[in-house]
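Please open the model in your viewer and keep the selection panel at hand. The tour goes from one selection to the next and says what is found at each stop.

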Amino acid sequence: MSDRKPSTIAVRTGIESDTQHHAVVPPIYLSTNYGFPAFGEVPNYDYTRSGNPNRGLLEQALSELESGEGAVITNCGTSALNLWVSTFLGPDDLIVAPHDCYGGTFRLFNTRANKGDFKVNFVDQVDEAALDQALAQKPKLILLETPSNPLVRVVDIEKICQKAKAIGAMVAVDNTFLTPIYQKPLELGADFVIHSTTKFINGHSDVIGGVIIAKSAQDAEELAWWGNCIGATGTPFDSYMTLRGLRTLGARMRVHEESSLEILKFLTTQSLVKTIYHPSLPEHPGHEIAKKQQSGFGSMLSFEFAGSFDQLKYFVGELSLFSLAESLGGVESLICHPASMTHRAMGEEALAKAGVSQQLLRLSVGLEDAQDLIADLQQAFAKTHRYQG
Ligand SMILES: *Cc1c(COP(=O)(O)O)cnc(C)c1O
């Protein structure tokens with residue numbers, strides 16, 4: 001059934017697959033090892049680092065959702081990125097990555113490049129001339145993160161993949177912000193999709209996990225070999241939980257987006273809000289590309305706070321339905337100050353280069369009632385106007 005829609009794939013994968021007791025929901029297999037049916041007869045699963053039924057089902061679901069040929073579930077999103085570069089890069093190989101990528105990705109590539117494991121070039125991928133210049137250095141791998149974190153900048157996946165093909169480079173897209181519900185990078189020409197499943201895929205802020213999905217079966221096999229070799233794979237319990245969270249992905253993504261569009265409308269009326277970053281806004285530089293390559297705008301948004309820095313801190317403290325916390329994509333709404341939280345590892349210079357200012361706030365709009373969320377923002381803005389700190 002290859003024409004199933006995403007929500008159907010997410011709900012149905014593994015349902016009624018238990019041949020022993022006919023459990024409707026696939027049971028969890030915590031065993032670390034599996035018996036050999038006979039001497040020299042290798043079973044489907046032998047040892048959990050290399051394979052496990054729960055991880056296998058989650059890999060199957062995510063691979064089908066992203067139209068891939070195979071996937072490796074890793075113990076976090078960062079280890080999926082690390083698995084990718086460990087598999088394909090040697091000391092002389094270059095990877096091109098966005099200058100405003102997720103802070104942990106920046107730290108990983110930067111630190112490993114400084115050790116001489118590979119070479120990295122962080123570029124502003126929205127700037128076509130800068131990107132072309134980087135591609136002229138013949139990278140082996142190109143990472144795209146679109147929409148990016150935290151400024152939700154959008155790049156043209158199809159166009160960059162064509163340029164990559166021409167120089168023999170492979171492209172991975174970090175699809176954490178949109179999920180396959182709203183964006184399918186492999187269908188736009190990418191070779192790999194990476195997720196921090198910690199975020200929308202699991203969706204309940206209670207599992208750290210990651211995945212890399214490959215367009216070709218051969219690349220998927222190579223990633224699985226390396227995943228086992230370096231010990232990057234996810235646990236059975238985490239895989240079970242993540243598949244449980246994944247089942248509601250379609251419904252969740254719809255409400256996340258609906259509510260964020262209402263909040264966006266409200267924010268545009270607020271004098272303490274300066275620039276708002278979201279691809280749905282016609283003035284957003286990536287608006288047209290987003291309309292072309294995404295089937296939804298997604299729910300992650302950020303904005304420049306127009307008041308003083310003291311007022312910003314006060315405003316954040318007065319919110320009761322937006323928790324001041326890192327991460328994103330869970331059922332609960334969050335507010336984050338990237339410069340001092342998710343992106344602090346980048347250091348001041350890299351932050352400035354990436355355009356992440358001290359005034360920037362990022363919202364992860366959860367599944368609470370949208371009117372309650374707006375009322376909460378409204379009372380915090382009202383108090384902040386009166387605050388003299
Ligand atoms: C969180 C995140 C990661 C890292 O994933 P972890 O699960 O925290 O290791 C990578 N990319 C993006 C876009 C993220 O938001």
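Predicted model: local features only at pLDDT ≥ 70, side-chain atom pairs only at ≥ 80, totals over all residues.

Residues are numbered from 1 along each chain as its sequence is written, and side-chain values use heavy atoms, with hydrogens and water left out.

**The two domains**

Begin by colouring residues 6-246 as domain 1 and residues 249-386 as domain 2, as the domain assignment of the protein chain gives them; such bounds come from an automatic or database domain assignment. The C-alpha centres of domain 1 and domain 2 are 26 Å apart, and their contact takes 37 residues from domain 1 and 42 residues from domain 2, where contact means heavy atoms within 4.5 Å. About 3300 Å² is buried between the two domains, with carbon and sulfur atoms giving 62% of that area; buried area is the accessible area (1.4 Å probe) that two parts lose on being put together, summed over both. Now select Leu-151, Tyr-182 and Phe-200, which supply 24% of the area that domain 1 buries against domain 2, more than any other three residues.

**H10 and H14**

Next, select helix H10 (residues 249-267) and helix H14 (residues 370-386); helices (H or I, at least four residues) and strands (E, at least two) are DSSP runs, numbered from the N terminus. Their axes are 9 Å apart and pack at an angle of about 30 degrees, the axes being lines fitted to C-alpha atoms, for helices over the stretch in contact, with angles from 0 to 180 degrees between N-to-C directions. H10 and H14 are therefore roughly parallel to each other, a term for angles under 35 degrees. Their crossing is right-handed, that is, the near helix is turned clockwise from the far one by less than a right angle. Show side chains for the contact, including Ile-263 and Phe-266 of H10 and Leu-377 and Phe-381 of H14. The residues of this contact divide into 8 nonpolar, 3 polar and 1 charged, where Ala, Val, Leu, Ile, Met, Phe, Trp, Tyr, Cys and Pro count as nonpolar, Asp, Glu, Lys and Arg as charged, and the others, Gly among them, as polar.

**H5 and H6**

Move to helix H5 (residues 128-135) and helix H6 (residues 157-166), whose axes lie 11 Å apart at an angle of about 25 degrees. H5 and H6 are therefore also described as roughly parallel to each other, and their crossing is right-handed. Select Glu-128, Leu-131, Asp-132 and Leu-135 in H5, which meet Lys-159, Ile-160 and Lys-163 in H6; this contact divides into 3 nonpolar, no polar and 4 charged residues.

**H3 and H4**

Helix H3 (residues 77-88) and helix H4 (residues 103-114) have axes that come within 10 Å and cross at roughly 35 degrees, in a right-handed crossing. Here Thr-78, Leu-81, Asn-82, Val-85 and Ser-86 in H3 meet Thr-105, Leu-108, Phe-109 and Arg-112 in H4, and the contact holds 4 nonpolar, 4 polar and 1 charged residues.

**Backbone details**

The peptide bond from Thr-146 to Pro-147 is cis, with omega near -5 degrees. Pro-150 is also in the loop between E4 and H6, and a cis peptide bond with omega of about 10 degrees joins Asn-149 to Pro-150. Last, select Ser-205 in the loop between strand E6 (192-196) and strand E7 (210-214); phi of Ser-205 is near 50 degrees, a positive value in a residue other than glycine.

Key: Parallel < 35°, antiparallel > 145°, perpendicular 65-115°, else oblique.
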